[in-house]
Amino acid sequence: MINKNLFVLFILVLLVGCGQSESNVSSGNRIGIFHMGNGTEPQELDPHIVTGVPEHNILSALLEGLVRKNPENLEPIPGVAKQWRISEDGTVYTFQLRDDAHWSNGNPVTAEDFRWSYWRAMQSALGNKYAYMFYPIKNAEAYLKGEIDDFRQVGIKVLDERVLEITLTNPTPYFLQLLDHQSYFPVHRATIEKFGQPDERGTRWTRPGNFVGNGAFQLTEWRLNKLIDVEKNPYYWDASNVTLNGIRFYPTENVSTEERMFRAGQLHRTGSIPIDKIAVYKKENPESLRIAPYLGTYYYRFNTEKPPFDDQRVRKALNLAIDRRQIVENVTKGGQLPAKSFTPPDTLGYTAKEMLGFDPEQARQLLAEAGYPNGKGFPVTSLLYNTSEGHRKIAVAIQQMWKQYLNIDITLNNQDWKVYLDSVNSRNYEISRAGWIGDYVDPNTFLDMWITDGGNNQTGWSNPRYDEIISKLAPAAVDRATRYQLFQEAETILLTELPVIPIYIYTSISLAHPSIRGLSNNILNYVSYKSLRLDPEAKP
Amino acid sequence: MSKFIFSRLLQAIPVLLVVVTATFFLVRAAPGGPFSEEKAVPPEVLKALELKYNLNLPVWQQYTHYLGDLLRGDFGPSFKYPGRSVNELIASGFPATAELGFYALLVAILIGSCAGVFAALKPNSPQDYIPMSAAMLGICMPSFLMGPLLVLIFGIWLDWLPISGWGDIPGDKILPAITLGSGYAAYIARLSRGGMLEVMSQDYIRTARAKGLPERVVVLKHALRGGLIPVVAFLGPAFAGLLSGSFVVETIFQIPGLGRFFVQAAFNRDYTMVMGSTVFFATLIVLFNLLSDVIAVWINPRLRSQVQGG
């Protein structure tokens, strides 16, 4: 019994000892440190290796490309380049770099830094999975594929210490946006060469103390699975306009833990929120809940090589028997929009014609025409999704709708993420769940994936006119109106033949403490850290 | 005794070899590769990555390469975290996991043995039923339920204890240790109850009572040592289980331990990290089983004479 008493005493002493210390949020507001939940532990901090959103969140504090995004409307605004000129035909971009752009060790940021960084990002040995982001640049694709060896043939030229010229194959209206992608971030050559070969993966240059960046913040601490600290970079060209003194990123894999940390005042902002908490926050704490449309589409894809899904009427019937409003209102419940086209509405001014309706009557008729009156004889079909409670709920709802309206039987098949990817890539599925998040704000990122044998087109679907529009006509279009008209034509083909059925348009849902100022809702969920401020007067 | 330890260590070698071989081939047999992504990766890049990590070689060659590296104590680079070696990931995660496991074991022993002994003193009475039902509940309640429940009560409603973190705020190690330890406390409670019941009916306890010793002395001095032998035998596997099973608790409480890497590695098909952590944990389990056998022999005179005689 003595042991037990001692233990109780020990616990009590600890309890009294800890009491109530100041929360991260209130101390952060006082000293200008932003505490942010950031998904998973970052793979790396090398902009030319990583692919994930958590990594991008940190890198966009540490590095800056030629161009930035206006957090309000996502229009390109000057970054390292103070201005740029675009040639008449839209293929030659000349960037004038600012004279006061510096690396965090005080070295000037030059045009050669960018040329060298782009060269590095295109070395296949480095394993840059986002290397395709360089394809719009003249000869970049050929260089990446090893068809040409001489990098001087690639359309990147240093004209002067502070002038960089980039030549594109086609006028690419979204090119400026790409420059704010991590693949196009510059890296500090001397630092990388100090720790290894330029194309060597995983050297120590990204560690705190070694990392030299040119962003508004610099890396000070990286504790695995615990936190990453960055502090204001005094050498940043716009340092006088940076209000935060630092940011602490927490890897918060578990969304429930993250939500509890937010509730306990340990985080200013979360990356997401458990679905079942959305309603609670809407009711009790609406000022903390932020829901914004997001540039992504949740959809189901058909394996069009497998009967009966090689029949357009079957695909159409299944599409018409989905009540999307029900799904967003009663299943996902996070403000998602029922999809009316594949490209999310108002993607840089492009809104496709609404073509996806809910019409069970016509659906039944189409299925009967295809040879399955009232679902008779329709083979039992498997619906594949990667293991997740959210995907399961949606799949169950759609399974029921198809049973109710078409009288067909669907079995649900969930697979672990990597197994699912393998099944999809080897086309070992009938219907599978998918999602696509745009790489940049332009309809092209949603439509160019459906060309014949495109790397992300695992449906087996192919249409020559579609290919022609996406690969030839749209890239050569002279103005936005013509281009969008072509995209509309392509999208009409896609939504008529329906190799995929879009279900809803994503929203980004997160929690943000009311003390945060300067956080904008935009469709990329993009945060410009240099515009953030914390209000110490705000209620904790 | 040293001969006993030595022969047990020799037996461990084939065990570990089987673990290495089975894991090596199983993880490669699982569908999906380490570099597959939702967005298609350019084929040239994929080829370069496979070249870099020797995945272009036939599997048996990869296996012999791996064994060679393993003998030198090198677990190789992580596929998922290109800048980290597996050795580095294990070294960075293990201290927190070990510390958590140690506290959890303390919690388990203290609560478990007290409850078990307490229950055994008056078998089949409320003094027995209440702690034993609580123990049953503790065994049944998984840590992904226990953790959030404790956080809700002590962290959010009462606001007494921090809800996450490790070594940042005083007291943040209490809830994780209790969460992880409670299931094991329950096992220990049942084991020590059983052990105590058996011992309490033995002749030497009757003798002690007949001598007129007070009950407290009978229990603490005479019965406890024999009654807790089953618990000691359980401690080795329990500690190994606490170390390798801390994934859920580490995730709930944001603890930078090895368990999170271990489980994520399997999802990520991070072959080298799966291998490294499996081999590492397998070695620990073998060692702790050995340790608890040695202690069991040491405190149990009957086994001791067997080992020395044989």
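In chain B of this predicted model, α3(B) is followed by B:Gly73, a residue whose phi is positive, near 80°. Helix α3 itself covers residues 59-71 of chain B, has 13 residues and reaches 18 Å from its first C-alpha to its last, close to the 18 Å expected at 1.5 Å a residue; the expected span is 1.5 Å times one less than the number of residues. Helices (H or I, at least four residues) and strands (E, at least two) are DSSP runs, numbered from the N terminus.

Residues are numbered from 1 along each chain as its sequence is written, and chains are lettered from A and ligands numbered from 1 in the order in which they are written. Because the model is predicted, local features need pLDDT of at least 70 and side-chain atom pairs count only at pLDDT 80 or more, whereas totals for chains, interfaces and linings use all residues.

Chain A holds an open sheet of four strands in the order β4-β5-β7-β6, with antiparallel pairing; two strands pair if DSSP finds at least two bridges between them. β4 (81-86) and β6 (156-160) of chain A stand at the edges with a single partner strand each, so one side of each is left without a neighbour in the sheet. From one strand to the next the twist averages 20°. β6(A) pairs with β7 (residues 163-167) of chain A in the antiparallel sense over four bridges, and A:Asp160 stands opposite A:Val163 in β7(A). Helix α4 (residues 111-121) of chain A packs on the sheet, touching β5 (92-97), β6 and β7 of chain A, and its direction makes about 170° with that of β6(A). Contact here requires C-beta atoms, placed from the backbone, to lie within 7 Å, and angles run from 0 to 180 degrees between N-to-C directions of axes fitted to C-alpha atoms, for helices over the stretch in contact.

Elsewhere in chain A, the axes of helix α10 (residues 312-320) and helix α12 (residues 360-369) come within 8 Å and cross at roughly 160°. That makes α10(A) roughly antiparallel to α12(A), a term for angles over 145 degrees.

Between the chains, 44 residues of chain B are in contact with 49 residues of chain A. α2(B) gives the most to the side of chain B that touches chain A, with five residues.

Methods
Contact = placed C-beta atoms within 7 Å. Parallel < 35°, antiparallel > 145°, perpendicular 65-115°, else oblique.
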